[in-house]
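Hi everyone, thanks for coming along. Let's take a walk through today's protein together, and please have the picture open while I talk.

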Amino acid sequence: PQHTIFSAQNGHAAKLKLEEFAKVIMAPGSQVRPAVDRLLRGVGNEQITFRNGSWLTLLTSSVSSAHGQVVNLGLIDEAWDDEDDRRAAALLPASLTIRDAQLWNVSTAGHAGSVYLRRLVDDGRAGVLNDERSGACYFEYSAGEDEDPDDPATWWGCMPALGRTIDLEVV
C-alpha cells in the first residue's frame, strides 16, 4: 500500500484539488475507479482510500499534522506560498521509515517572501551545476536572463503547458 499526503497553499485549495482528483478517479469508465474503496469528504477527514490499503489524504498546516503517519509520497503544491519549512517539516519525519520515499515540491515562480521555494531553486540549480546524481531530482522551466519575456519564442521554450492547457492567446 502507498500512503500519499497532498498539500496546497491552504486547506481550501487542497480540498478543491482533492475534489478534482476524485472527479477524474470516479468518472464513468475510469480504470482507477474499481480500485477505490471509499471517498471521504468530511471536513478535516478528506481522503480517498483504495482496496489495496493505499490512501491519498490532505495535510493541514500545522507542523505536527503528519505526526504518527507513514508516508510514501508527500506532495507540496504551490510551494511559492511558503515563507517557512512548515509543510516539509510535517512530511519529512513521516517518510523516514520508508525506503525510497519521496517529497515533491511543485510550484510556479515565487515572490520576495517565497523563502522556502527560493532555497529549493538555489539548491536545485547548484545540484545541476555540480552534476549531483542522487538525493534529489530538479526540474525547472524558466526563461534565461537574456531572453525577451515578450517574445512568444521565449514562451514556447519555457512553458510546458503552452498549447496543451494554456492557449497562446491567454499568454
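You'll find Asp 131 in the loop between α3 and α4, and α4 covers residues 152–158. Its phi is near 55°, which is a positive value in a residue other than glycine.

Asp 100 is another residue to look at here. Its phi is near 65°, again positive in a residue that isn't glycine. Asp 100 sits in the loop between α2 and β6. Is Asp 100 buried or exposed? With 66% relative accessibility, Asp 100 counts as exposed.

Before we go on, please remember that this is a predicted model. The protein has 4 helices and 6 strands, and starting from the N terminus, the order of the elements is β-α-β-β-β-β-α-β-α-α. The C-alpha trace spans about 50 × 35 × 30 Å along its principal axes. Of the 171 residues, 29% are buried. If you take the contacts with a separation of 6 or more, 55% of them are between residues 24 or more positions apart.

Val 43 counts as exposed, at 81% relative accessibility. From Val 43 to Glu 145 you go 102 residues in sequence and 45 Å in space, C-alpha to C-alpha.

Next, the helix α2, residues 86–95. Which residues of α2 are buried? They are Arg 87, Ala 88, Ala 90, Leu 91, Ala 94 and Ser 95. Looking down the axis of α2, these buried residues fall within an arc of 160°, so they line one face of the helix. Here is the background: an α-helix has 3.6 residues a turn, so residues three or four places apart point the same way. And what covers that buried set? The cover includes β1 (3–7), β5 (73–77), β6 and α3.

β1 also takes part in an aromatic pair, and the structure holds 1 such pair. The partners are Phe 6 and Phe 21, with ring centres 5.4 Å apart and planes at 80°, so the pair is edge-to-face. Phe 6 is in strand β1 and Phe 21 is in helix α1 (residues 11–26), so to speak 15 residues along, and the pair links distant parts of the chain. Phe 6 is buried, at 5% relative accessibility, whereas Phe 21 is partly exposed, at 27%.

Last stop: the largest pocket, with about 1,800 Å³ of space. It is lined by 46 residues, and the closest to its centre are Asn 105, Leu 117, Tyr 138, Phe 139 and Glu 140. Which element gives the most to this lining? That is α3, with 10 residues. The elements α2, β6 (102–106) and α3 (115–129) each supply at least two lining residues. By type, the lining divides into 24 nonpolar, 12 polar and 10 charged residues.

So if you'd like one thing to look at again, take α2: one face of the helix is lined by its buried residues, and α2 also supplies at least two residues to the lining of the largest pocket.

Definitions and conventions
Residues numbered from 1 in each chain as written. Predicted model: local features only at pLDDT ≥ 70, side-chain atom pairs only at ≥ 80, totals over all residues. Heavy atoms only, no water. 1 Å grid on protein atoms, 1.4 Å probe; cavity = no way out; pocket = protein on both sides within 12 Å on 5 of 7 lines; lining within 4 Å. Points joined across faces, edges and corners; volume = space filled by probe spheres on them. Nonpolar A, V, L, I, M, F, W, Y, C, P; charged D, E, K, R; others polar. Buried < 20%, exposed > 50% of the residue type's maximum accessible area, 1.4 Å probe, protein only. Arc of directions from axis to C-beta. Contact = heavy atoms within 4.5 Å. Phe/Tyr/Trp six-rings, centres within 6.5 Å; stacked < 30°, edge-to-face > 60°.
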